[in-house]
Amino acid sequence: GISAPPPNHFVYSGGSRFVMSGNFNGSAANTLTIAKSGGKVCYWNSGVTSPWTLLVNEDGHIASGAGSAKTVNRWNGPVVIAAGKSLTFSNYNNNPAAELSVGATGTISGDGRVISGNYAGLNVYLSGVNTYTGGTTLSSGTLWALVNKSIPETGTITLTSGTLNFMVDSGCWELEEVRKRIANLSGTGGTACFYTSSGKSVTD
């Protein structure tokens, strides 16, 4: 892993991927910057911690190469997406596994957008109170919005395929907040559901 006092600033500007194989120790005062369009921060069934700030200055990815458990392949620190740029949660290298897991637990902010999925078996988990303003696109797989405001009220939610699940258990989404997101839906496909931890879709 990487262990050094802040501030440390790593810029990813070349190569096909940045592999998260060890803990990023420290705090959000440290930064990892995606400065290459298409750059991928990749996990392989990994439980490593990453409390650093991820700066998405070019279109980039947080990608899963292996692992389907709900607790693996997570960026833990804040994420800031630059205006006009996107962060895609994706399947690295088209792994043919039946299911893959990836996600972010920290706050995602900035003027860019979030894209979920390039693979039907991909589960993307968002569990931060997010404030990004560029909209949300679900193009494949399943996007799990686990907590209230993990998908911001601002910005259009575009569904082209896949399933968007709002967790509505106690301590998760408030139904009024879900209604606001449903009002922002657009697109040509996909499904939006209310979901509980017991595995049941519910209707309002």
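Packing here is read from contacts, meaning heavy atoms within 4.5 Å, and helices (H or I, at least four residues) and strands (E, at least two) are DSSP runs numbered from the N terminus. Before going on, bear in mind that this is a predicted model, where local features need pLDDT of at least 70, side-chain atom pairs count only at pLDDT 80 or more, and totals for chains, interfaces and linings use all residues. Residues are numbered from 1 along each chain as its sequence is written, and side-chain values use heavy atoms, with hydrogens and water left out.

So who does the packing in H1? The helix covers residues 175-182, and Glu177, Val178 and Arg181 are buried; buried means under 20% relative accessible area, exposed over 50%, and partly exposed in between, with a 1.4 Å probe and protein chains only. Looking down the axis of H1, the buried residues fall within an arc of 100°, so they line one face of the helix. That arc is taken from the directions from the helix axis to the C-beta atoms. As a reminder, an α-helix has 3.6 residues a turn, so residues three or four places apart point the same way.

E5 (residues 53-56) and E8 (residues 79-81) pair over 3 bridges in the parallel sense, with Leu55 opposite Val80 in E8.

Next, the aromatics. The whole structure holds 9 aromatic pairs, where rings of Phe, Tyr and Trp (its six-membered ring) pair if their centres lie within 6.5 Å, and planes under 30 degrees apart count as stacked, over 60 as edge-to-face and the rest as tilted. Trp44 and Tyr92 make an edge-to-face pair, 5.3 Å centre to centre with 70° between the planes. Trp44 lies in strand E4 (residues 39-44) and Tyr92 in the loop between E9 (86-91) and E10 (100-104), so the pair ties together parts that are 48 residues apart in sequence. Trp44 is partly exposed at 36% relative accessible area, while Tyr92 is buried at 12%. The rings of Tyr125 and Trp144 have centres 6.0 Å apart and planes at 15°, so this pair is stacked. Ring pairs also link Phe10, Tyr12, Phe18, Phe24, Trp52 and Trp75 into a cluster.

Finally, find Ser150, in the loop between strand E15 (142-145) and E16. Is Ser150 buried or exposed? It is buried, with a relative accessible area of 0%. Leaving out residues up to four places away in sequence, Ser150 touches Leu126, Gly128, Asn130, Tyr132, Ala145 and Trp173. Its side chain reaches the backbone oxygen of Val147 at 2.8 Å.

Key: A polar contact is a pair of N or O atoms within 3.5 Å; within protein, one must be able to donate a hydrogen and the other to accept it, and residues adjacent in sequence count only if both atoms are side-chain atoms. Two strands pair if DSSP finds at least two bridges between them.
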